[in-house]
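Dear colleague,

Here is the structure we spoke about, with my notes on it below. Please read them with the model open beside you.

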Amino acid sequence: MTVCRVRRLWALAAAAVLALPAGVAAQVESEPVPLTAPQLLENGPPGVTIETAPPDAVPEAPAPAIEETGPDQPTVLEAPAPETAEPGGISVGPLGELSSGSAGTLEPGAGGLDPDLWRNTAASRLISLFARVPVTARSPAMHDLMRRMILSTTAPPDLDAPIEEFIAARLATLNRLGAFEDATELVSVLPGSAINDAARWQAAEALFWADDTVGGCALVRDQIRVTPTPAWRKALMFCQAASGETDAAGLSLALLRDRADEADDAFLTVAAKLLGELPNAPPALDDGLSFAATIAAEIPVPPEQVAGLSAAAVSALARRAQLDVETRLAAAERASSFGALSPEGLAAAYMEPTFSESELDDARGQAGDSPGPFGRALLFQAIRQEQDSDQRAGLLSVLFGADGGPGFGPLARAAGVPLLSISPADTVLWFASDAVPALVAGSRFEA
């Protein structure tokens, strides 16, 4: 596979910003090739080379050898050759060396992309491209493709850079996409030897973004003994504060200030608020640790600030029940426009606000021509409770046609059952121009 072919497919996946291997296009256009997943060893799937023996070949039969190379190293097995080989027989050669770079959570044919995705592509090139993934592109389809690309079980790239750096870059990209649970799951299938300090930091970040302070802090307290860097010390200070170790957290914060630079200011200000040293502080939402500290310090996030936030931040905000409902609604709409929040997640967000019966009865009038997040939530709830198909179609038309918000596709997919419940009839022919593309956007082709 040439570099040119890699660039052509990255252009398809990321609107001319990235370069994906050509195998992706083949998988999208055709049925997946049936593959047999080999048995997983500790470091990932082994490779087995099956060769056809020449007609006259009678190989010797060496004794089987099993070599254990360590808990985090591949187990090398050498199978003995058959005592005799009939013409056209099969012999099994040594297993190829395993690579943690091939590990993934999506197998080919089960959501994973072409197993040759990274073949003949330099790891350093991929690391550079991962940093340029357009995570805030308003395209759920592109978001899903990028997520699957990172999670696919594949052959490893050409290792002109340490495989640990390649793995850390994959995890960092998942966090930037707001796919925190995916990042945690990917870590779980990797051997410990493949996870360096940078990858462990990304694993902790995923847990902090996902509101798993207990899990994140357990990882922090283990790692601080090994690599007591400023980043891990910041995380330890937060974990001390979160667990009620106020004196220890205060001392840690004082030591951090002695060595801090300008990049630490936002976190240190939030930390001071968390320890009661400041009455107020602005939210810090640039990374998972700062985000977790902001939430723990009960610092409000204004809904008008949501529009400029990253995919990771809005994905995390949309899931935090303790936040103001208006902020969560705005975050849910922005996250779903990227694909960082599922249609079910957006529907759940729209159902959170409480409206009176009079507001629901007059949803079209209350929402107006340009409804904001609350207006769209009002319309969504009114659609759910409306019994008359004609009236429901009218409300759906207003919701789909409104400017702003997550966009037509996410709204159509979130509409779900209410949209399907409208049966074709003369009285709703006018709704066909909205209904047909909405059903297609939700993959309801037969409907």
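Over which residues does pLDDT, the predictor's confidence in each residue from 0 to 100, stay under 50? That stretch is residues 1-98, for which the model has 144 contacts (heavy atoms within 4.5 Å) beyond four places in sequence. The mean pLDDT of the chain is 81, and 77% of its residues reach 70 or more.

This is a predicted model, in which local features need pLDDT of at least 70 and side-chain atom pairs count only at pLDDT 80 or more, while totals for chains, interfaces and linings use all residues. Residues are numbered from 1 along each chain as its sequence is written, and side-chain values use heavy atoms, with hydrogens and water left out.

The structure holds one disulfide (a pair of cysteine sulfur atoms within 2.5 Å), and it joins Cys-217 to Cys-239 with an S to S distance of 2.1 Å. Cys-217 lies in helix α8 (residues 213-223) and Cys-239 in helix α9 (residues 230-242), so the bond ties together parts that are 22 residues apart in sequence; helices here are DSSP runs of H or I, at least four residues, numbered from the N terminus. The torsion about the S-S bond of Cys-217 and Cys-239 is about -90°, so this disulfide is left-handed. Both Cys-217 and Cys-239 are buried, that is, under 20% relative accessible area with a 1.4 Å probe, protein chains only.

Definitions and conventions: Helices (H or I, at least four residues) and strands (E, at least two) are DSSP runs, numbered from the N terminus. Buried means under 20% relative accessible area, exposed over 50%, partly exposed in between (1.4 Å probe, protein chains only).
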